Amino acid sequence: MDPLEDLDLSEENLKLLNSKIGLRSLFASKHLDLEKALRDTQYETNLRKRQVELVKLQTWAIENRKKIVVLFEGRDAAGKGGAIRRISAYINPRYYRIVALNKPTEDEKGQWYFQRYVNNLPEPGKIVFFDRSWYNRAVVEPVNGFCTQEEYSIFMSQVNDFEKMIIQSNTYLIKFYFSITKEEQQKRFEDIRESNLKRWKMSPVDERAQELWEEYTKYKEVMLDKTDTAHAPWVIINANKKTSARLSAIDHILKTIPYTK
């Protein structure tokens, strides 16, 4: 069977394959795979176009002293970190931060729960990407016994008002939930365990994620139902395919923030 028979080698696709990105994709592996090379080239080309727009968006935010907060939530191995890396790849590092907080210190445990997140909100002209956020208390903490039911209930009673205050302080707030299937999570965990470069990503919480899948689902559904508000709605991203999930997230940011195109 001819491998080129079902491949669309239109003039446009040939031009893509002859581009720098296309040639790099073609020779990325020992075995020539035109279909995969074309698919990768189309993704990289589409991603670059969006990254150019993200640079424009950031420039607009800096010049107009706008504050932007983007939350990335989802199950372990859902691709949150990879999406953040693509979004932030070419924007000015002086004007954005990626926040991935460790477990609270003893002093932080005695503070108002939201305090350490408030301390990491952006100054005018800056963007903050939260790789997991205050919503740890909505799902991860109660599932793993890291907070009491009373602490969970207090959080759920305060979070919508907290987000309203953020928005009223002239801040754009976007909330992403990256959704994957149980089978896809298991496959990604297996890939991580087999990689010498990625094995460090597996935490004790990750190791129990499959076992506690249904418990995570229960709390996730309550979170999405109770905290999906008119002022701060959830954007659910189908993340089983990482490339399309990244493009979808960027598209939503570009559509939501009214930057000068």
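Begin by selecting Arg193, which is partly exposed with a relative accessible area of 35%, where partly exposed lies between buried, under 20% relative accessible area, and exposed, over 50% (1.4 Å probe, protein chains only). This is a predicted model, in which local features need pLDDT of at least 70 and side-chain atom pairs count only at pLDDT 80 or more, while totals for chains, interfaces and linings use all residues. Residues are numbered from 1 along each chain as its sequence is written, and side-chain values use heavy atoms, with hydrogens and water left out.

Glu207 lies in helix α10 and Arg193 in helix α9, so the pair ties together parts that are 14 residues apart in sequence. Helices here are DSSP runs (H or I) of at least four residues and strands are runs (E) of at least two, numbered from the N terminus. Side chains of opposite charge can pair when their charged atoms come close.

Which residue forms a salt bridge with Lys56? Select Glu53, and the closest N and O atoms of the two will be found 2.9 Å apart. Because Lys56 and Glu53 are three residues apart in helix α3 (residues 34–63), about one helical turn separates them. The structure holds 14 salt bridges, and a network of them links Glu73, Asp76 and Arg132.

Select Phe72 and Phe178, a tilted pair with 5.9 Å from centre to centre and 45° between the planes. This pair links distant parts of the chain, since Phe72 sits in strand β1 (residues 67–74) and Phe178 in strand β4 (residues 171–179), 106 residues apart.

Finish with Tyr113 and Tyr117, which form another tilted pair, 5.8 Å centre to centre with 50° between the planes. Tyr113 counts as buried at 15% relative accessibility, and Tyr117 is buried with a relative accessible area of 1%. Both belong to one aromatic cluster, whose members include Trp112, Phe114 and Trp234.

Technical notes: Phe/Tyr/Trp six-rings, centres within 6.5 Å; stacked < 30°, edge-to-face > 60°. Salt bridge = Lys/Arg side-chain N within 4 Å of Asp/Glu carboxyl O.
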